[in-house]
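Colleague: I would like to learn how to read side-chain features in a model. Can we work through one case together?

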Amino acid sequence: MLNFLQFMTQTDVPRIQYLAKAFAAAVAGTVLVTTLAVLLLPENTAPDASDQTAPPMVGLLVIWPIVSTLVIWALLAGLRRITPTYWHAAGISALIFLVLFSLGAGLQAGLIFAWPYFLYSLTFLAWQLKSDADAFIMTGLLQSAVMALPALIISSQA
C-alpha cells in the first residue's frame, strides 16, 4: 500500500496535480472505509435529521480546515520526535484522530475520519519539508476539497 501512496511524499509535482491525486485517494479510501464501517458496525439509532441544523459552509470549508490543520501541526510536531519515519508519525496521528472522533461521534465516525486524517498528516509532513506555510496551505486546501463533497450534500438537503 505504501507504493500506492508514494505520490503523497513527492512535492516536486505541480500543486494542483498533487491535490487532485490526494483528493482522489482520500475520497476513494473514505468511501471504502465508510462502506465497511456501515456494514460491519451498524449503529442502533440514527440521528433525527429534524433536530439538526446544517453547519455553515464557511465553517466546513474554511474554519474547520484551518483549526484541524493547526491541530495536525501540533500533533505531528510531537510525533515526529518519537517516531522513526514520517509514515509512522502519520499512522499514529490517524490513530489518535480515530480515538478522538470515536469518543465524540462513535466508532463508525472514528473509522471514517481516520483515513483522510492519515492522508492529511502525510500531506503536512511532505510539504513541511519545503516550508511550514506550504504544509499549512496544502493540508488546508486538501481538507477543504474533501469537505466540499459533504458540504454540497448538506446544502442540497437544507
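**Reading the aromatic pairs**

Modeller: Start with Trp 64, which counts as partly exposed because its relative accessibility is 35%. Buried means under 20% relative accessible area, exposed over 50%, and partly exposed in between, with a 1.4 Å probe and protein chains only. This is a predicted model, where local features need pLDDT of at least 70, side-chain atom pairs count only at pLDDT 80 or more, and totals for chains, interfaces and linings use all residues. Residues are numbered from 1 along each chain as its sequence is written, and side-chain values use heavy atoms, with hydrogens and water left out.

Colleague: How many aromatic pairs are there?

Modeller: The general idea is that a pair of rings is described by the distance of the centres and the angle of the planes. Rings of Phe, Tyr and Trp (its six-membered ring) pair if their centres lie within 6.5 Å; planes under 30 degrees apart are stacked, over 60 edge-to-face, the rest tilted. That rule gives twelve aromatic pairs. Take Tyr 18 and Trp 127: the centres are 5.3 Å apart and the planes stand at 90°, so the pair is edge-to-face.

Colleague: Where in the chain do Tyr 18 and Trp 127 sit?

Modeller: Tyr 18 is in helix 1 (residues 15-40) and Trp 127 in helix 4 (residues 107-128), so the pair links distant parts of the chain, 109 residues apart. Helices here are DSSP runs (H or I, at least four residues), numbered from the N terminus. Tyr 18 is buried at 1% relative accessibility. Trp 127 is buried too, with a relative accessible area of 1%.

Colleague: What kind of pair do Trp 64 and Phe 101 form?

Modeller: Trp 64 and Phe 101 make a tilted pair, 6.3 Å centre to centre with 50° between the planes. Trp 64 lies in helix 2 (residues 57-82) and Phe 101 in helix 3 (residues 86-105), so the pair ties together parts 37 residues apart in sequence. Phe 101 counts as buried, at 16% relative accessibility.

Colleague: Which residues does Thr 139 touch?

Modeller: Contact means heavy atoms within 4.5 Å. Leaving out residues up to four places away in sequence, Thr 139 touches Thr 69, Ile 72, Tyr 120, Thr 123 and Phe 124. Thr 139 is in helix 5 (residues 132-157).

Colleague: Why is Thr 139 classed as it is for accessibility?

Modeller: Thr 139 is buried because its relative accessible area is 0%.

Definitions and conventions
Helix = DSSP H or I, 4+ residues; strand = E, 2+ residues; numbered from the N terminus.
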